[in-house]
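Trainee: Could you take me closely through one part of this model, namely how a pair of its helices packs together?

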Amino acid sequence: MDQETRRFIRKLGFPLGFVGVIFAIHLLQAILNLDLRRLGVFPREVDGLPGILTGPLIHGSWEHLFSNSVSFIMLGAVLFWFYPRIALRSIIWLYLLSGFGIWISGQPNSYHIGASGIVYGMVSLVFWSGVFRRNVKSIVLALICLLYTSPSPRDGLLSRMPSSA
C-alpha cells in the first residue's frame, strides 16, 4: 500500500468510527427490540435537551441509517482530506448546533432523531468553503452529496424530479 493510500485511510478514521457507533446502536436496538426514539431531541422542553447529544446516534430505520452513513463518510472524507485542521472541531460544532437548532425550531410534541442535521451542516460547510476558496471540487462534491442525502432516499431531491415515463 502506497503512502497516499495509507494517508487517505487514516483520514477516514473518525467518519468510519462514528458510523460504526451508530450502526452498533441501531443493531443493538434491532436485536433487543428497543425503541430508542425517546433519546431524540424533544423541542422546547428542558427534558428534550439531552437529545442534542443522543439524537444523532439514533435512527428510525436501516434505510435512514444507510442514507446518513454514506453521506457522513463521503463528507467526512472530504473534510478530513481538504480541511484537516478544522474537520473534527467543525463536526463537533455541527453536531451540537444542529441539535440545538432542532430543539429551538423542531416540530413540537415529537422526537427528532438521526444525523441528518450534521450531514446537511457538513454539506453546507464543504459547499461554502469551496465557494469562498474558489475550489470547484469542493462545490461539486457538496452538490453531489446534497442530491443523494436525505433522511430517507425516497424523499431526496433526486426522487422529487419528474420521471421521463
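**A helix pair in detail**

Mentor: Helix 5 passes helix 6 in a right-handed crossing, a term used when the near helix is turned clockwise from the far one by less than a right angle. This is a predicted model, in which local features need pLDDT of at least 70 and side-chain atom pairs count only at pLDDT 80 or more, while totals for chains, interfaces and linings use all residues. Residues are numbered from 1 along each chain as its sequence is written, and side-chain values use heavy atoms, with hydrogens and water left out.

On the helix 5 side, the contact (heavy atoms within 4.5 Å) is made by Ser90, Ile91, Leu94, Tyr95 and Ser98, and on the helix 6 side by Gly117, Ile118, Gly121, Met122 and Leu125. By class, this contact has six nonpolar, four polar and no charged residues, where Ala, Val, Leu, Ile, Met, Phe, Trp, Tyr, Cys and Pro count as nonpolar, Asp, Glu, Lys and Arg as charged, and the others, Gly among them, as polar.

As for the setting, the protein chain comes to seven helices and zero strands, these being DSSP runs (H or I, at least four residues, for helices; E, at least two, for strands) numbered from the N terminus.
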